[in-house]
Amino acid sequence: MHAKVALIFLGVFTAGEVFALPKAPAWWKPKSWPAPTQHHFWNAELGPRPQYLVADMDECWLKNRLSACSEIEARPTKFSIGHRGGACLQFPEETRESVEAGTRMGAGILECDVAFTSDRELVCRHDQCDLHTTTNIVATELGSKCTRPFIPARDGAAATAYCCTSDITLAEFKSLCGKMDGFNASATTPEDFLHGTPAWRTDLYATCGTVLSHKEFLKLVDSHGRDFTTELKQPRVPMPFGGNYTQELYAQQVIEEYRAAGIDPSRVWLQSFFFADVAYWLRADPAFGKQAVLLDQSGDLPGTFPAAVANLSFYKDAGVQVVAPPLQYLVALDEDNGYVPSSYATTARNLGLRILTWSLERSGPLAQAAASGDYYYSTIANGTHRDGDMYRLVDVLVRQVGVEGIFSDWSATVTYYANCFGLF
(Lines give C-alpha, C1' and ligand atoms only; values in the text may rest on other atoms or scores of the structure.)
Protein backbone atom coordinates (compact mmCIF):
# COMPACT_ATOMS: atom_id res chain seq x y z
CA MET A 1 0.00 0.00 0.00
CA HIS A 2 1.02 3.56 -0.68
CA ALA A 3 4.03 2.53 -2.76
CA LYS A 4 4.87 5.89 -4.29
CA VAL A 5 5.33 7.62 -0.95
CA ALA A 6 7.49 4.80 0.36
CA LEU A 7 9.82 4.86 -2.61
CA ILE A 8 10.28 8.61 -2.55
CA PHE A 9 10.93 8.57 1.16
CA LEU A 10 13.52 5.83 0.98
CA GLY A 11 15.37 7.48 -1.84
CA VAL A 12 16.55 10.37 0.32
CA PHE A 13 18.78 8.26 2.52
CA THR A 14 22.50 8.44 1.86
CA ALA A 15 25.11 5.81 2.45
CA GLY A 16 26.16 7.41 5.73
CA GLU A 17 22.67 7.17 7.21
CA VAL A 18 21.98 3.48 6.71
CA PHE A 19 23.08 0.11 7.86
CA ALA A 20 25.53 -1.61 5.54
CA LEU A 21 24.92 -4.80 3.67
CA PRO A 22 27.97 -6.80 2.65
CA LYS A 23 29.63 -5.18 -0.36
CA ALA A 24 30.15 -8.47 -2.15
CA PRO A 25 27.60 -10.89 -0.67
CA ALA A 26 28.73 -14.09 -2.35
CA TRP A 27 26.74 -16.05 0.25
CA TRP A 28 23.60 -14.03 -0.49
CA LYS A 29 21.78 -16.67 -2.50
CA PRO A 30 18.21 -18.00 -2.48
CA LYS A 31 17.61 -20.66 0.13
CA SER A 32 16.26 -24.08 -0.70
CA TRP A 33 13.04 -24.33 1.28
CA PRO A 34 10.98 -27.50 1.65
CA ALA A 35 7.25 -27.27 1.06
CA PRO A 36 5.43 -26.02 4.18
CA THR A 37 4.04 -28.63 6.53
CA GLN A 38 0.88 -28.27 8.58
CA HIS A 39 1.78 -26.37 11.74
CA HIS A 40 -0.82 -24.26 13.50
CA PHE A 41 0.67 -21.88 16.06
CA TRP A 42 -1.91 -21.73 18.83
CA ASN A 43 -0.05 -19.07 20.79
CA ALA A 44 1.50 -15.79 19.68
CA GLU A 45 5.09 -14.72 20.35
CA LEU A 46 4.99 -10.97 21.01
CA GLY A 47 8.52 -10.09 22.11
CA PRO A 48 9.47 -6.87 23.91
CA ARG A 49 8.04 -4.21 21.58
CA PRO A 50 4.45 -4.06 22.89
CA GLN A 51 5.73 -3.58 26.44
CA TYR A 52 8.16 -0.92 25.24
CA LEU A 53 5.27 1.00 23.69
CA VAL A 54 3.10 0.63 26.80
CA ALA A 55 5.92 1.81 29.08
CA ASP A 56 6.37 4.87 26.84
CA MET A 57 2.74 5.99 27.19
CA ASP A 58 1.62 8.96 29.26
CA GLU A 59 -0.05 7.93 32.49
CA CYS A 60 -3.71 7.13 31.81
CA TRP A 61 -6.31 4.41 32.25
CA LEU A 62 -5.31 2.86 28.89
CA LYS A 63 -1.72 2.48 29.99
CA ASN A 64 -2.89 0.79 33.18
CA ARG A 65 -5.17 -1.55 31.25
CA LEU A 66 -2.50 -2.52 28.73
CA SER A 67 0.09 -2.95 31.49
CA ALA A 68 -2.21 -5.36 33.28
CA CYS A 69 -2.16 -7.63 30.22
CA SER A 70 1.61 -8.12 30.26
CA GLU A 71 1.41 -11.71 31.51
CA ILE A 72 -1.40 -12.96 29.30
CA GLU A 73 -0.86 -15.92 27.00
CA ALA A 74 -1.50 -14.28 23.66
CA ARG A 75 -3.41 -15.99 20.86
CA PRO A 76 -3.63 -15.29 17.13
CA THR A 77 -6.38 -12.89 16.09
CA LYS A 78 -7.88 -11.83 12.76
CA PHE A 79 -7.92 -8.26 14.05
CA SER A 80 -4.14 -8.33 13.49
CA ILE A 81 -3.46 -8.22 9.74
CA GLY A 82 0.11 -8.86 8.63
CA HIS A 83 1.03 -6.06 6.22
CA ARG A 84 3.37 -7.27 3.47
CA GLY A 85 3.72 -10.47 5.48
CA GLY A 86 3.40 -8.95 8.94
CA ALA A 87 7.01 -8.35 9.95
CA CYS A 88 8.49 -5.95 7.40
CA LEU A 89 9.62 -3.56 10.13
CA GLN A 90 12.58 -5.94 10.45
CA PHE A 91 12.22 -8.64 7.78
CA PRO A 92 12.24 -8.19 3.98
CA GLU A 93 8.68 -7.53 2.87
CA GLU A 94 6.57 -10.00 0.90
CA THR A 95 8.94 -12.87 1.75
CA ARG A 96 8.47 -16.21 3.41
CA GLU A 97 10.43 -14.93 6.39
CA SER A 98 8.10 -11.97 6.88
CA VAL A 99 5.04 -14.22 6.63
CA GLU A 100 6.49 -16.74 9.07
CA ALA A 101 7.38 -14.01 11.57
CA GLY A 102 3.99 -12.32 11.18
CA THR A 103 2.30 -15.66 11.77
CA ARG A 104 4.28 -16.27 14.94
CA MET A 105 3.38 -12.77 16.15
CA GLY A 106 -0.29 -13.66 15.97
CA ALA A 107 -1.49 -12.14 12.70
CA GLY A 108 -4.71 -13.98 11.87
CA ILE A 109 -4.73 -12.62 8.31
CA LEU A 110 -1.58 -12.44 6.16
CA GLU A 111 -1.09 -10.24 3.11
CA CYS A 112 0.42 -10.85 -0.31
CA ASP A 113 0.34 -7.98 -2.78
CA VAL A 114 0.32 -9.48 -6.27
CA ALA A 115 1.95 -8.42 -9.50
CA PHE A 116 2.51 -10.49 -12.64
CA THR A 117 5.67 -11.72 -14.33
CA SER A 118 6.46 -11.75 -18.05
CA ASP A 119 4.99 -15.27 -18.25
CA ARG A 120 1.85 -14.07 -16.43
CA GLU A 121 2.47 -15.75 -13.10
CA LEU A 122 1.39 -13.97 -9.91
CA VAL A 123 4.09 -13.11 -7.38
CA CYS A 124 4.12 -11.32 -4.04
CA ARG A 125 5.46 -7.78 -4.53
CA HIS A 126 4.16 -4.50 -3.19
CA ASP A 127 4.59 -2.83 -6.57
CA GLN A 128 5.03 -4.31 -10.02
CA CYS A 129 8.13 -2.16 -10.44
CA ASP A 130 9.89 -2.22 -7.06
CA LEU A 131 12.38 -5.05 -7.66
CA HIS A 132 15.27 -2.57 -7.76
CA THR A 133 14.57 -1.51 -4.15
CA THR A 134 13.21 -4.74 -2.62
CA THR A 135 15.48 -7.39 -4.17
CA ASN A 136 19.07 -7.81 -5.30
CA ILE A 137 18.19 -7.81 -9.01
CA VAL A 138 20.46 -4.91 -9.99
CA ALA A 139 23.49 -6.85 -8.72
CA THR A 140 22.62 -9.98 -10.71
CA GLU A 141 22.69 -10.88 -14.39
CA LEU A 142 18.95 -10.20 -14.48
CA GLY A 143 19.67 -6.52 -13.92
CA SER A 144 20.23 -6.17 -17.67
CA LYS A 145 16.58 -7.15 -18.24
CA CYS A 146 15.22 -4.28 -16.14
CA THR A 147 13.03 -1.70 -17.83
CA ARG A 148 15.80 0.75 -16.91
CA PRO A 149 19.00 -0.98 -15.77
CA PHE A 150 21.21 0.50 -13.08
CA ILE A 151 22.85 3.84 -13.84
CA PRO A 152 25.48 4.99 -11.30
CA ALA A 153 25.44 8.34 -9.55
CA ARG A 154 27.47 10.88 -11.48
CA ASP A 155 27.99 14.65 -11.62
CA GLY A 156 25.36 15.34 -8.97
CA ALA A 157 22.73 13.04 -10.52
CA ALA A 158 21.40 10.24 -8.31
CA ALA A 159 21.85 6.57 -9.10
CA THR A 160 18.76 5.04 -10.68
CA ALA A 161 17.22 1.75 -11.75
CA TYR A 162 13.69 0.60 -12.54
CA CYS A 163 12.96 -3.11 -12.47
CA CYS A 164 9.56 -4.75 -12.82
CA THR A 165 8.19 -8.24 -12.25
CA SER A 166 6.96 -8.09 -15.84
CA ASP A 167 10.60 -7.80 -17.00
CA ILE A 168 11.35 -11.38 -15.96
CA THR A 169 9.80 -14.86 -15.76
CA LEU A 170 8.63 -16.59 -12.59
CA ALA A 171 11.69 -18.84 -12.62
CA GLU A 172 13.95 -15.81 -12.86
CA PHE A 173 12.01 -14.05 -10.11
CA LYS A 174 12.53 -17.05 -7.82
CA SER A 175 16.29 -16.72 -8.24
CA LEU A 176 16.25 -13.33 -6.49
CA CYS A 177 16.82 -12.45 -2.85
CA GLY A 178 14.35 -10.24 -1.02
CA LYS A 179 15.90 -7.36 0.94
CA MET A 180 14.74 -4.45 3.04
CA ASP A 181 13.08 -1.80 0.89
CA GLY A 182 15.49 1.00 0.06
CA PHE A 183 18.31 2.13 -2.19
CA ASN A 184 21.47 4.18 -2.04
CA ALA A 185 21.03 7.21 -4.30
CA SER A 186 24.78 7.92 -4.23
CA ALA A 187 25.78 4.43 -5.41
CA THR A 188 28.43 4.04 -8.07
CA THR A 189 28.10 0.24 -8.31
CA PRO A 190 25.08 -2.08 -8.40
CA GLU A 191 26.18 -3.61 -5.11
CA ASP A 192 26.22 -0.20 -3.41
CA PHE A 193 22.75 0.51 -4.78
CA LEU A 194 21.40 -2.33 -2.61
CA HIS A 195 22.04 -0.28 0.53
CA GLY A 196 19.53 2.21 1.84
CA THR A 197 17.65 0.61 4.72
CA PRO A 198 16.31 3.36 7.02
CA ALA A 199 18.26 3.50 10.27
CA TRP A 200 15.17 2.66 12.36
CA ARG A 201 14.81 -0.64 10.52
CA THR A 202 17.50 -3.31 10.30
CA ASP A 203 19.35 -5.58 7.90
CA LEU A 204 19.80 -8.21 10.60
CA TYR A 205 17.38 -10.60 8.87
CA ALA A 206 18.01 -9.45 5.29
CA THR A 207 20.55 -12.12 4.39
CA CYS A 208 18.39 -13.33 1.50
CA GLY A 209 14.64 -13.14 1.89
CA THR A 210 12.76 -15.95 0.14
CA VAL A 211 10.54 -14.38 -2.52
CA LEU A 212 7.16 -16.01 -3.07
CA SER A 213 4.77 -16.74 -5.86
CA HIS A 214 1.12 -16.22 -4.96
CA LYS A 215 0.56 -19.97 -5.10
CA GLU A 216 3.41 -20.52 -2.63
CA PHE A 217 1.94 -17.84 -0.36
CA LEU A 218 -1.41 -19.66 -0.33
CA LYS A 219 0.24 -22.95 0.62
CA LEU A 220 2.32 -21.31 3.33
CA VAL A 221 -0.51 -19.42 5.01
CA ASP A 222 -2.90 -22.36 4.69
CA SER A 223 -0.33 -24.62 6.36
CA HIS A 224 -0.61 -22.41 9.45
CA GLY A 225 -4.40 -22.26 9.37
CA ARG A 226 -4.54 -18.47 8.95
CA ASP A 227 -6.63 -16.33 6.63
CA PHE A 228 -5.56 -14.48 3.49
CA THR A 229 -5.65 -11.02 2.00
CA THR A 230 -4.40 -10.55 -1.54
CA GLU A 231 -4.07 -7.05 -2.96
CA LEU A 232 -4.23 -6.71 -6.73
CA LYS A 233 -1.52 -4.17 -7.49
CA GLN A 234 -2.13 -1.78 -10.34
CA PRO A 235 -0.07 -2.61 -13.44
CA ARG A 236 2.80 -0.27 -14.32
CA VAL A 237 2.74 -1.50 -17.91
CA PRO A 238 0.09 -0.88 -20.58
CA MET A 239 -2.86 -3.25 -20.43
CA PRO A 240 -3.79 -5.57 -22.02
CA PHE A 241 -0.31 -6.95 -21.35
CA GLY A 242 1.10 -8.94 -24.25
CA GLY A 243 -1.94 -8.07 -26.32
CA ASN A 244 -4.63 -10.08 -24.51
CA TYR A 245 -3.95 -10.15 -20.75
CA THR A 246 -6.63 -7.75 -19.56
CA GLN A 247 -7.25 -6.22 -16.14
CA GLU A 248 -10.24 -8.53 -15.67
CA LEU A 249 -8.18 -11.62 -16.53
CA TYR A 250 -5.61 -10.44 -13.99
CA ALA A 251 -8.32 -9.99 -11.33
CA GLN A 252 -9.86 -13.35 -12.20
CA GLN A 253 -6.52 -15.15 -11.98
CA VAL A 254 -6.31 -14.34 -8.29
CA ILE A 255 -9.67 -16.01 -7.65
CA GLU A 256 -8.73 -19.01 -9.78
CA GLU A 257 -5.60 -19.61 -7.71
CA TYR A 258 -7.68 -19.57 -4.52
CA ARG A 259 -10.19 -21.96 -6.08
CA ALA A 260 -7.41 -24.30 -7.25
CA ALA A 261 -5.93 -24.33 -3.75
CA GLY A 262 -9.30 -25.32 -2.28
CA ILE A 263 -9.52 -22.26 -0.02
CA ASP A 264 -12.98 -21.24 1.14
CA PRO A 265 -13.94 -17.66 0.17
CA SER A 266 -14.84 -16.90 3.80
CA ARG A 267 -11.11 -16.99 4.57
CA VAL A 268 -10.20 -14.51 1.84
CA TRP A 269 -10.16 -10.71 1.76
CA LEU A 270 -9.32 -9.50 -1.74
CA GLN A 271 -8.16 -5.89 -2.02
CA SER A 272 -7.69 -3.20 -4.62
CA PHE A 273 -7.38 0.57 -4.85
CA PHE A 274 -9.20 0.32 -8.19
CA PHE A 275 -12.99 0.38 -7.79
CA ALA A 276 -13.42 -1.51 -11.08
CA ASP A 277 -11.55 -4.50 -9.62
CA VAL A 278 -13.85 -4.69 -6.61
CA ALA A 279 -16.89 -4.24 -8.85
CA TYR A 280 -15.61 -7.08 -11.04
CA TRP A 281 -15.23 -9.44 -8.07
CA LEU A 282 -18.70 -8.53 -6.81
CA ARG A 283 -20.17 -9.30 -10.22
CA ALA A 284 -18.06 -12.27 -11.35
CA ASP A 285 -17.76 -14.20 -8.09
CA PRO A 286 -19.95 -12.84 -5.25
CA ALA A 287 -18.62 -15.44 -2.81
CA PHE A 288 -15.23 -13.72 -2.99
CA GLY A 289 -16.63 -10.29 -3.79
CA LYS A 290 -18.65 -9.86 -0.60
CA GLN A 291 -15.44 -9.55 1.46
CA ALA A 292 -13.52 -7.61 -1.18
CA VAL A 293 -11.83 -4.56 0.31
CA LEU A 294 -11.81 -1.21 -1.46
CA LEU A 295 -8.57 0.50 -0.50
CA ASP A 296 -9.00 4.26 -0.50
CA GLN A 297 -6.44 7.02 -0.72
CA SER A 298 -8.52 9.26 -2.97
CA GLY A 299 -8.30 12.12 -0.47
CA ASP A 300 -4.52 12.49 -0.53
CA LEU A 301 -4.23 15.55 -2.72
CA PRO A 302 -4.99 18.99 -1.29
CA GLY A 303 -8.70 19.72 -1.32
CA THR A 304 -9.79 16.17 -2.21
CA PHE A 305 -10.65 14.83 1.23
CA PRO A 306 -14.30 16.06 1.24
CA ALA A 307 -14.87 14.28 -2.07
CA ALA A 308 -13.34 11.09 -0.64
CA VAL A 309 -15.86 11.24 2.21
CA ALA A 310 -18.73 11.92 -0.21
CA ASN A 311 -17.72 8.95 -2.41
CA LEU A 312 -18.40 6.53 0.44
CA SER A 313 -22.14 6.69 -0.30
CA PHE A 314 -21.48 5.73 -3.93
CA TYR A 315 -19.35 2.76 -2.89
CA LYS A 316 -22.00 1.56 -0.45
CA ASP A 317 -24.73 1.83 -3.09
CA ALA A 318 -22.52 -0.09 -5.53
CA GLY A 319 -22.32 -3.06 -3.16
CA VAL A 320 -18.96 -2.49 -1.51
CA GLN A 321 -19.02 -3.84 2.03
CA VAL A 322 -15.50 -3.13 3.28
CA VAL A 323 -13.38 0.01 2.91
CA ALA A 324 -9.78 0.44 4.02
CA PRO A 325 -8.40 3.98 4.16
CA PRO A 326 -4.98 4.84 5.65
CA LEU A 327 -4.78 5.55 9.38
CA GLN A 328 -4.87 9.33 9.05
CA TYR A 329 -8.18 9.37 7.17
CA LEU A 330 -9.95 8.01 10.24
CA VAL A 331 -8.69 10.39 12.94
CA ALA A 332 -8.48 14.09 13.64
CA LEU A 333 -7.54 16.27 16.61
CA ASP A 334 -9.93 17.95 19.04
CA GLU A 335 -9.27 21.34 20.62
CA ASP A 336 -6.99 19.71 23.20
CA ASN A 337 -4.99 17.81 20.53
CA GLY A 338 -6.61 14.54 21.50
CA TYR A 339 -7.34 11.89 18.89
CA VAL A 340 -10.99 11.73 17.75
CA PRO A 341 -12.85 10.11 14.83
CA SER A 342 -12.75 12.04 11.56
CA SER A 343 -15.63 12.90 9.24
CA TYR A 344 -14.54 9.99 7.03
CA ALA A 345 -14.80 7.61 9.98
CA THR A 346 -18.22 8.78 11.12
CA THR A 347 -19.60 8.76 7.58
CA ALA A 348 -18.35 5.23 6.87
CA ARG A 349 -19.75 3.98 10.15
CA ASN A 350 -23.14 5.66 9.61
CA LEU A 351 -23.37 4.05 6.18
CA GLY A 352 -22.77 0.63 7.70
CA LEU A 353 -19.48 0.06 5.92
CA ARG A 354 -17.01 -2.26 7.57
CA ILE A 355 -13.64 -0.56 8.10
CA LEU A 356 -10.08 -1.83 8.01
CA THR A 357 -7.05 0.50 8.09
CA TRP A 358 -3.34 0.64 7.27
CA SER A 359 -0.48 0.75 8.13
CA LEU A 360 0.69 0.76 11.73
CA GLU A 361 4.44 0.51 12.52
CA ARG A 362 5.42 1.99 9.15
CA SER A 363 6.60 5.41 10.33
CA GLY A 364 9.65 4.90 12.56
CA PRO A 365 9.99 6.77 15.87
CA LEU A 366 6.80 8.78 16.22
CA ALA A 367 8.34 12.01 17.45
CA GLN A 368 10.42 12.08 14.27
CA ALA A 369 7.45 11.01 12.16
CA ALA A 370 5.23 13.78 13.47
CA ALA A 371 7.94 16.42 13.07
CA SER A 372 8.68 15.38 9.48
CA GLY A 373 5.06 15.31 8.32
CA ASP A 374 4.85 11.53 8.01
CA TYR A 375 1.99 10.37 5.78
CA TYR A 376 0.27 8.19 8.36
CA TYR A 377 0.28 10.81 11.12
CA SER A 378 -0.38 13.87 8.96
CA THR A 379 -3.79 14.64 10.48
CA ILE A 380 -2.70 14.13 14.09
CA ALA A 381 0.91 15.34 14.03
CA ASN A 382 0.35 18.08 16.61
CA GLY A 383 -1.03 15.53 19.05
CA THR A 384 1.69 12.93 18.52
CA HIS A 385 4.82 13.19 20.67
CA ARG A 386 6.12 9.75 21.61
CA ASP A 387 6.11 6.11 20.53
CA GLY A 388 3.56 5.20 23.19
CA ASP A 389 1.00 7.36 21.38
CA MET A 390 0.66 4.47 18.95
CA TYR A 391 -1.59 2.67 21.40
CA ARG A 392 -3.69 5.81 21.93
CA LEU A 393 -4.25 5.79 18.18
CA VAL A 394 -5.14 2.09 18.12
CA ASP A 395 -7.58 2.57 20.99
CA VAL A 396 -9.47 5.38 19.24
CA LEU A 397 -9.57 3.36 16.03
CA VAL A 398 -11.08 0.42 17.91
CA ARG A 399 -13.42 1.91 20.48
CA GLN A 400 -14.55 5.09 18.71
CA VAL A 401 -14.12 4.44 14.99
CA GLY A 402 -14.99 0.75 15.11
CA VAL A 403 -12.33 -0.70 12.81
CA GLU A 404 -12.43 -4.47 12.41
CA GLY A 405 -8.75 -4.94 11.68
CA ILE A 406 -5.44 -3.08 11.42
CA PHE A 407 -2.65 -3.81 8.97
CA SER A 408 0.72 -3.57 10.70
CA ASP A 409 4.38 -3.88 9.72
CA TRP A 410 5.00 -5.51 13.10
CA SER A 411 2.09 -7.79 13.93
CA ALA A 412 2.85 -8.17 17.62
CA THR A 413 1.88 -4.55 18.31
CA VAL A 414 -1.71 -5.06 17.15
CA THR A 415 -1.93 -8.63 18.45
CA TYR A 416 -1.10 -7.44 21.98
CA TYR A 417 -3.85 -4.81 22.02
CA ALA A 418 -6.36 -7.24 20.51
CA ASN A 419 -5.61 -9.87 23.15
CA CYS A 420 -5.86 -7.36 25.95
CA PHE A 421 -9.32 -6.23 24.79
CA GLY A 422 -10.59 -9.62 23.61
CA LEU A 423 -10.71 -8.87 19.88
CA PHE A 424 -10.82 -12.29 18.22
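## Around helix H8

Let's start with helix H8 (residues 214-223), whose buried residues pack against helix H4 (96-104), strand S2 (107-116), strand S3 (122-124), strand S8 (227-232) and H9. Here, buried means under 20% relative accessible area with a 1.4 Å probe and protein chains only, and contact means heavy atoms within 4.5 Å. Helices (H or I, at least four residues) and strands (E, at least two) are DSSP runs numbered from the N terminus. This is a predicted model, in which local features need pLDDT of at least 70, side-chain atom pairs count only at pLDDT 80 or more, and totals for chains, interfaces and linings use all residues. Residues are numbered from 1 along each chain as its sequence is written, and side-chain values use heavy atoms, leaving out hydrogens and water.

Which residues of H8 are buried? They are His214, Phe217, Leu218, Leu220, Val221 and Ser223. Just after H8, glycine 225 has a positive phi of about 70 degrees.

Now turn to the partner helix. H8 and H9 (residues 247-260) pack at an angle of about 40 degrees, with axes 10 Å apart; the axes are lines fitted to C-alpha atoms over the stretch in contact, and angles run from 0 to 180 degrees between N-to-C directions. At this contact, His214, Lys215, Phe217 and Leu218 of H8 meet Val254, Glu257 and Tyr258 of H9.

Phe217 and Tyr258 also belong to the largest nonpolar core, of 99 residues, where together with Leu66 they touch the most other members. Such a core is a set of buried Ala, Val, Leu, Ile, Met, Phe, Trp, Tyr and Cys residues joined through side-chain atoms within 4.5 Å. Its largest share, eight residues, comes from helix H15 (residues 389-401).

Notes. Buried means under 20% relative accessible area, exposed over 50%, partly exposed in between (1.4 Å probe, protein chains only).
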